[in-house]
Structure formats: structure tokens, C-alpha cells
Amino acid sequence: MDEARFLALALENPVNVAIVDELDRLALPDAWLVSGCLVQTVWNVLTGRAVDHGIADYDVFYFDPDTSWEAEDAVIRNVNARFDHLGVKIETRNQARVHLWYPTKHALPYPPLSCSTDGIDRFLTQNTQVGVRREGGGLEVYAPHGFEDIAGLIARPNPGPNFSAASYLVKAERWKALWPELAVIAAE
């Protein structure tokens, strides 16, 4: 699978299209639609399921040097209001402030990030390390591991500073129940 095919499949989900388009209008700094909502849409198209099957939420990353809770909360409220008509759960997070709360919530280290794609690089699985945004009149895709695991329905751990084998197992088991075709690579 190449980038063009990935985009064609991921954007068969009209919610993904609406979010990418609206994020462009919102002009949040370094904003991306990321992760499962993109990958799982592709899996759904490839396996003949409804495009929104199994998608728990739609993740939006942005990077704003204002790391105050109040600033992020204002963005979250604005994004939720803009997307309320879609009837889906949107998870919006300022990647500049994740290091402030992640260690307390997950008891794992989380060094500060310098941009939104750094946050994508920290996902538990390599297959979900993907983001899409509008850029220069077109679409930009960030996918450091490419698209082969997505196309092959493979969940592969992404070891890193905040990797948790237990969290990976929970995620993989949920996905396997929803997409039995999925091949899960065990965490070491």
C-alpha cells in the first residue's frame, strides 16, 4: 500500500474528511488527525465492514507552546463544539503539555515533545503511527513506518520511553475482537 491508496481508503470515512477539513479552518498550530480512526477505517474498508466499525474515538493532536490547562481546555471545548454535529467522540490533546500529566496518569516517563509528530512517534503500536492534515492545498501524511502493517492488518509494538506491554496487550485484544483477521506481534 502506498500513501495515495492509504489516503483514499482512510478518507472513505466521512468523519475523517470532516475533521481534516475543519482542522484546516481552525488553524490550530501543527494540527493532525491521528491514529486509530485512520487505520481502523482502512481495516474496515479492506475487510468489508462499515467504515466506522470499532472506532472508539477520533484523535486530534496539535502543538501549542502555551502549556496551561486553561488554554488546552479552551481548544478542547472549541473543537468539541465544532464537531458536535458529527456525533462522535473527539480526543484533542496539546502535545506540548503531555509530559506534564502523562507520568502521573500512567506511571511511565514521557520526555517533552517538540512537535505533534513526536507524539505520533510515541504510540504503542507502529501501525497506528500515522497522521493526516491539510497542507498547501493538499494533504500531508506522516507515517514513519509506512503502510505495510496497516495494509496487512498487523499490530506491532512500538517500544519507546512510554511503552507498556500491558497497555499494548489490552489494545491488541480489543482490536483482535473487532478485527479477527488482525495479526498481533507479541511485545517482548
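R133 counts as buried, at 18% relative accessibility, where buried means under 20% relative accessible area, exposed over 50%, and partly exposed in between (1.4 Å probe, protein chains only). The model is predicted, so that local features need pLDDT of at least 70 and side-chain atom pairs count only at pLDDT 80 or more, while totals for chains, interfaces and linings use all residues. Residues are numbered from 1 along each chain as its sequence is written, and side-chain values use heavy atoms, with hydrogens and water left out.

R133 forms a salt bridge with D30, the closest N and O atoms being 3.0 Å apart; the term stands for a side-chain nitrogen of Lys or Arg within 4 Å of a carboxyl oxygen of Asp or Glu. Because R133 lies in strand β4 and D30 in the loop between α2 and β1 (32–34), the pair ties together parts that are 103 residues apart in sequence. Helices (H or I, at least four residues) and strands (E, at least two) are DSSP runs, numbered from the N terminus. D30 itself is partly exposed, with a relative accessible area of 24%, and salt bridges link D30, R133, E135 and E140 in a network.

Another salt bridge joins the side chains of D21 and R134 at 2.7 Å, N to O, and this pair links distant parts of the chain, with D21 in helix α2 (residues 14–26) and R134 in strand β4 (residues 131–135), 113 residues apart. Both partners are partly exposed, D21 at a relative accessible area of 21% and R134 at 29%.

D149 and R156 also meet through their side chains in a salt bridge (2.7 Å, N to O); here D149 counts as buried at 14% relative accessibility, whereas R156 is partly exposed at 28%. The count comes to 12 salt bridges.
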